[in-house]
Amino acid sequence: MRWWSVANLVSNAGTWMQLTVQNLLVLQITGSAATTGLSVSVQAAPALLMSLAGGAAVDRWPRKLTAGVSQALLGAVAFVTAVLVAVDQLNVPVLMVLAAVTGLIATVDAPACSLLGNDLVRTEDVPSAIGVGSLVSNAGRLAGTALAGVTVGFFGTAAAYAANGVSFLFVASVIPFVRPVYKAARRSEVPSPAIPAQRGSKSAGQDMTMREGLAFFMRRPRLVALAGVTGISAVFGRNYSLTLAVLVTGPLAGGAGAFGTVSTVLAVGGILGAVLGARLRRPSVRVVGTLAAAGGLLQAVAGLSPSLALLLVLVLPMAVVESVSDTAGTTVLQTDPPAHLRGRVLGVWGSIRTAWGLAGPPALGLLMELAGARGALVAGGLIIAGSIGAGYVLRERRTTKAVVLRTEERDMTSQPGLSTAA
């Protein structure tokens, strides 16, 4: 688990380095912010359409092999991009194709690596492993974003892509040596039910496999509720790179440096929240929702901040609460399904999360146009807290309470015994 965590720290740093450099590269080539946003959407689009198929592949194939191959392929794409940048042959259409290929591979890589990390610890330690993963992700994001500027400044844009390729190969080289505590369930061990008339058809079996994961997700009220809580938070909160940037540079009259300070405090809060989230042994959807509602209320209060100093004071607990909520939600998602269905459930979740991620910024942007940065933060936070609270109230009203019936004991000694025929 220590080797796996180190490898993921290196990989996350490389990924965030490439993402940062990619945005700068598109801006340099086209000078268009819209095209830059389009490149991000192109890379995310495969997750919306192909995540379920990717999750089904993770359930079918050996997990270590799947993760190793996907990491190697991502490294190859990064190296190809580095070569094209170095020889000045990278244009926008080629970059879009490479971004789409990266997103497609990630539909298999993300669930494979997530579940492989859980396989390395005992079942009771899975929540802690997920917390460590969240901690590594936040630390890698900080390191990668900082290293991007240094790498480009001293070595050029191609070096950043090459460094990301090396980070993927490092993970791929570590995977053969990690030893899972429990072997993940394979399709051969837990076969999916097949319709006799279609048993000879491979495509029908694959379709049934993906439907099985989707059907399981939709039949689990706690997973549907988790999707609702996550969705409402993603649309009306969490997009702080947009809302807080406008708040700091607008009403609070700060500059880019001030927003950088706010971003750093958010990252530190995310790391602290991941550490606290790792201590949750059995988180529930109720805990996730309660923390998300608390984060929404803190967001509303932060929107009313009259000064940058007070905003910084509020941003830290806001980031901590939301990071703990995210870690708890990930734990529920990865431990609730049976082992042979977890890849497909994560595939369903990948599609849902991508949909929320694509819908959130436009909706929040419209809200900011109507109510301003302060109004968007306050209204968004109240919508989050109010929606989750209303969901709890409706659930309590629909829950049928058990009715206790008192029955008098009857003297059965006088009753004739049952015969064998009876």
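Me: Two residues are in contact when heavy atoms of theirs lie within 4.5 Å. By that rule, which residues does Leu341 touch, not counting residues up to four places away in sequence?

Reply: The model is predicted. In it, Leu341 touches Asp59, Glu212, Gly213 and Phe216. Leu341 itself is found in the loop between α12 and α13. Its C-alpha atom is 8.7 Å from that of Gly55, although the two residues are 286 apart in sequence.

Me: Does Leu341 count as buried or exposed, and how do you know?

Reply: Leu341 has a relative accessibility of 4%. Buried means under 20%, and therefore Leu341 counts as buried.

Me: What makes up the chain, in helices and strands?

Reply: The chain has 13 helices and 0 strands. Read from the N terminus on, its elements are α-α-α-α-α-α-α-α-α-α-α-α-α. Of the 422 residues in the chain, 43% are buried. The chain exposes about 21,500 Å², and 66% of this comes from carbon and sulfur atoms.

Me: What share of the contacts with a separation of 6 or more joins residues 24 or more positions apart?

Reply: Such residues account for 86% of those contacts.

Me: What makes a group of residues a nonpolar core, and which residues have the most contacts inside the largest one?

Reply: The members must be buried residues of nonpolar kinds such as Leu, Ile, Phe and Trp, joined through side-chain atoms within 4.5 Å. The largest core of this kind has 37 residues, and Trp4, Phe217, Leu226, Leu333 and Ile388 have the most contacts inside it. Helix α13, residues 342-398, supplies the largest share, 7 residues. A second, separate core of 21 residues includes Ala302, Val315, Met368 and Leu377.

Me: Which residues is Leu333 in contact with, leaving aside its neighbours within four places in sequence?

Reply: Leu333 is in contact with Phe217, Leu223, Leu226, Val345, Leu346 and Trp349.

Me: How do you know where the charged end of Arg286 sits?

Reply: It sits over the ring of Tyr392, 5.2 Å from the ring centre.

Me: Does Val313 count as buried or exposed, and why?

Reply: Val313 is also found in helix α12. Exposed means over 50%; because its relative accessibility is 56%, Val313 counts as exposed.

Me: What is the phi of Asp88, and what is that of Ala253?

Reply: Most residues other than glycine have a negative phi. Asp88 has a positive phi near 60°, and Ala253 has a positive phi of about 55°. Asp88 is placed in the loop between α3 and α4, whereas Ala253 is found in the loop between α9 and α10. Asp88 has a relative accessible area of 66%, which is over 50%, and is therefore exposed. Ala253, with 66%, is exposed too.

Me: Which residues does UniProt list for "transmembrane region"?

Reply: The unreviewed UniProt entry lists several spans, including residues 94-117 and 371-394. In the model, residues 94-117 are 100% helix and 0% strand, with their end C-alpha atoms 33 Å apart. Residues 371-394 are 100% helix and 0% strand, with end C-alpha atoms 29 Å apart.

Methods. Residues are numbered from 1 along each chain as its sequence is written. This is a predicted model: local features need pLDDT of at least 70, side-chain atom pairs count only at pLDDT 80 or more; totals for chains, interfaces and linings use all residues. Side-chain values use heavy atoms; hydrogens and water are left out. Helices (H or I, at least four residues) and strands (E, at least two) are DSSP runs, numbered from the N terminus. Buried means under 20% relative accessible area, exposed over 50%, partly exposed in between (1.4 Å probe, protein chains only). Accessible areas come from the Shrake-Rupley method with a 1.4 Å probe; for residues, only the protein chains shown count as cover. UniProt positions are given in the numbering used here, feature names are shortened, and annotations may be inferred rather than shown by experiment. A charge sits over a ring if NZ of Lys or CZ of Arg is within 6 Å of the ring centre and within 35 degrees of the ring normal.
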